[in-house]
Amino acid sequence: MNELVIPIGAIIRTLADDGSDDWSAEVGAARKSVPRGIEGYVLEHSDRHGLCYRVWHIEHGVKAWYNHGEVECVDPQDPP
């Protein structure tokens with residue numbers, strides 16, 4: 001496993017969209033529904049096609065996937 005993986009349960013903040021367009025329509029719609037700069041909790045990660053994270057944005061009620069370069073770890077704690 002990649003040592004740069006942000007742990008499950010960590011609080012992250014979304015960064016600028018990296019412009020990738022290879023997401024499914026459903027995932028792409030969820031990504032676009034959340035403004036950038038919003039915090040969320042890492043639910044899971046995948047490294048099948050490059051490291052990415054599924055993030056739960058509680059305030060927006062949205063779960064969306066982001067590439068590793070599109071998030072920064074704010075707090076590695078477990079969610080409430």
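Me: In the salt bridge between the side chains of Arg13 and Glu72, what is the N to O distance?
Reply: In this predicted model, local features need pLDDT of at least 70 and side-chain atom pairs count only at pLDDT 80 or more, while totals for chains, interfaces and linings use all residues. Residues are numbered from 1 along each chain as its sequence is written, and side-chain values use heavy atoms, with hydrogens and water left out. A salt bridge is defined as a side-chain nitrogen of Lys or Arg within 4 Å of a carboxyl oxygen of Asp or Glu. Arg13 and Glu72 meet in such a bridge, with an N to O distance of 2.7 Å.

Me: How many residues apart in sequence are the parts that Arg13 and Glu72 tie together?
Reply: Strands are DSSP runs of E with at least two residues, and helices are runs of H or I with at least four, both numbered from the N terminus. Arg13 lies in strand E1 and Glu72 in strand E5 (residues 71-75), so the pair joins parts whose separation in sequence is 59 residues.

Me: Which other residue meets the side chain of Arg13 in a salt bridge at 3.3 Å?
Reply: Arg13 has a relative accessible area of 28% and is partly exposed, a class lying between buried (under 20%) and exposed (over 50%), computed with a 1.4 Å probe on protein chains only. The partner at 3.3 Å, N to O, is Glu39.

Me: Which residues are linked with Asp17 in a network of salt bridges?
Reply: The side chain of Asp17 meets that of Arg36 at 3.7 Å, N to O. Asp17 lies in the loop between E1 and helix H1 (25-32) and Arg36 in the loop between H1 and E2, so this pair ties together parts 19 residues apart in sequence. The network links Asp17 with Arg31, Arg36 and Glu70.
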